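Please read the numbered points with the model in view.

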Amino acid sequence: MLVQFSLLWLVYAISAVLSAPTVSLVSNTELDARGIYFVSYDGLVNVNSFQLSGVLTHGNFQYAAWYTSSRYAILARRPVNSSGPWTTLQLPRQLSTNDSHNVITLGVSPSDGRIHVALDCHSTVVYYTVSEPGLATNGASWVASRFGSITTTLSGLGVGSQITYPQFVITPDNNLQFVYRSGVSGNGATQLAEYRNGAWSNVGSWASATGSYTSTNGARSNARNLYIHGFTYRNGRLHVTGTWREQAGGVMCNNGGLTNHDTVYFYSDDRGRTWRNSAGSSIATSGSNPVNVNSAGIIVDSLNADHGLMNQESQDVDSNGQVHAIISYVPGRFTQCVTSYQRDRTSYARPFHVFRSSNGTFTKMEIPFALNSVGRSQIVMDAQDNVYVVLPFVRVVTASESSGWTDWTMAYDGVAQGLNAFGEVTVDRAGVSNGVLSILYQVKSSGTNPSSVRVLDLRLNG
């Protein structure tokens, strides 16, 4: 039996080498030799996985954003498919505190070519500015004067005083949406605003803190927030996967863990106004009856709060409109009770590929590479529905659609290449359609010593 297993594994390994997608290096450019550096909440403010988008392609240009060592927010631009230098400008806003949540996120409204910027918030007001019309499309000079004043509203729309995780998302009808959490960790709501005809308006909360959760140990929690892995449109449908974080620490087996539990999925066919579970049943209405922990049929992978399940990983949607997410946690074969999520995730956590089939069922497969990190991973898909996952430290593993996403192989190893990258990265999702994966990463440093902020470009070879 052992020989048979070994032979089968050899066949599998050879098959993986022959069929899994490959990548090739295009360029590795430095944005800033002295990016601000401090470790907070296990992450860096310039390269957090929930930063959608820190690097962004729209039309003929690619954009990037980060904080430099003087704490000022920097925006950069270069032509698409260029490995040449970036043009930069400095916004009149400095990072207010050493908190890695306070990322810079970029968006473009296609209807008027404005570039939108949200930044520097963690359960505080959000800071926002927007460019003059057409800057994203006309190639006008890249100077700060083309952006408006920095305000704490979305061009007059108040979104509250406890904002975290701002994200901009383009809808299928070319409007721009703003996704964010109000409230605090363990007691917050996920909200939506929309930019249409040159003005922002509120859609409302689409996932709330309400409901009651009882853990496998019998402990009960009456408040929480939904952490999302993405907010992704494909073929007219909006897909959301995520995990709940409970307020009550008693739901964990040990206080050193994380109160995150379960992977959930639901979708919307009307731009986030109403929501359905994977079976197609109506479950929620934004603003009046949002999704909550007791919404029927939304759990697609059940897991209690004892395994260090990470929040805010990533997702993508294939050409058939089926969602693919990356989750990670400490499997039960290592321990049934995480007592230090930093230590145990670094030692034992594994990434998993969770994806939906056309019949509404979900499959979960372990990716056979250890994380070796507390942090999160990024998933993208090419035009042939092959999967590319950027693990911490810029290690890119891939699997082909033709294998049913089973032939996982290491296509690029940033550790072996000597990148010395800090764990998490953020990626240019819009740019993948051009056949290139741009990865924004920062070189590991110590203390508060500034370090290089860089963009690595890899061609996706399918």
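1. Strands S27 and S28 (residues 395-399) are antiparallel and joined by five bridges; strands are DSSP runs of E, at least two residues long, numbered from the N terminus, and two of them pair if DSSP finds at least two bridges between them. Leucine 391 lies opposite arginine 395 of S28. Three residues separate the strands of this hairpin, where phenylalanine 393 has a positive phi near 75°.

2. This is a predicted model, in which local features need pLDDT of at least 70 and side-chain atom pairs count only at pLDDT 80 or more, while totals for chains, interfaces and linings use all residues. Residues are numbered from 1 along each chain as its sequence is written, and side-chain values use heavy atoms, without hydrogens and water.

3. Glutamine 378 has valine 390 as its bridge partner.

4. Strand S27 (residues 387-391) is largely enclosed by the rest of the structure, because five of its five residues are buried (under 20% relative accessible area, 1.4 Å probe, protein chains only). Val387, Val389 and Leu391 cover one side, Tyr388 and Val390 the other.

5. The whole structure holds 23 aromatic pairs, that is, rings of Phe, Tyr and Trp (its six-membered ring) with centres within 6.5 Å; planes under 30 degrees apart count as stacked, over 60 as edge-to-face and the rest as tilted. Phenylalanine 61 and tyrosine 63 are tilted, with centres 6.4 Å apart and planes at 45°.

Technical notes: Buried means under 20% relative accessible area, exposed over 50%, partly exposed in between (1.4 Å probe, protein chains only). Helices (H or I, at least four residues) and strands (E, at least two) are DSSP runs, numbered from the N terminus.
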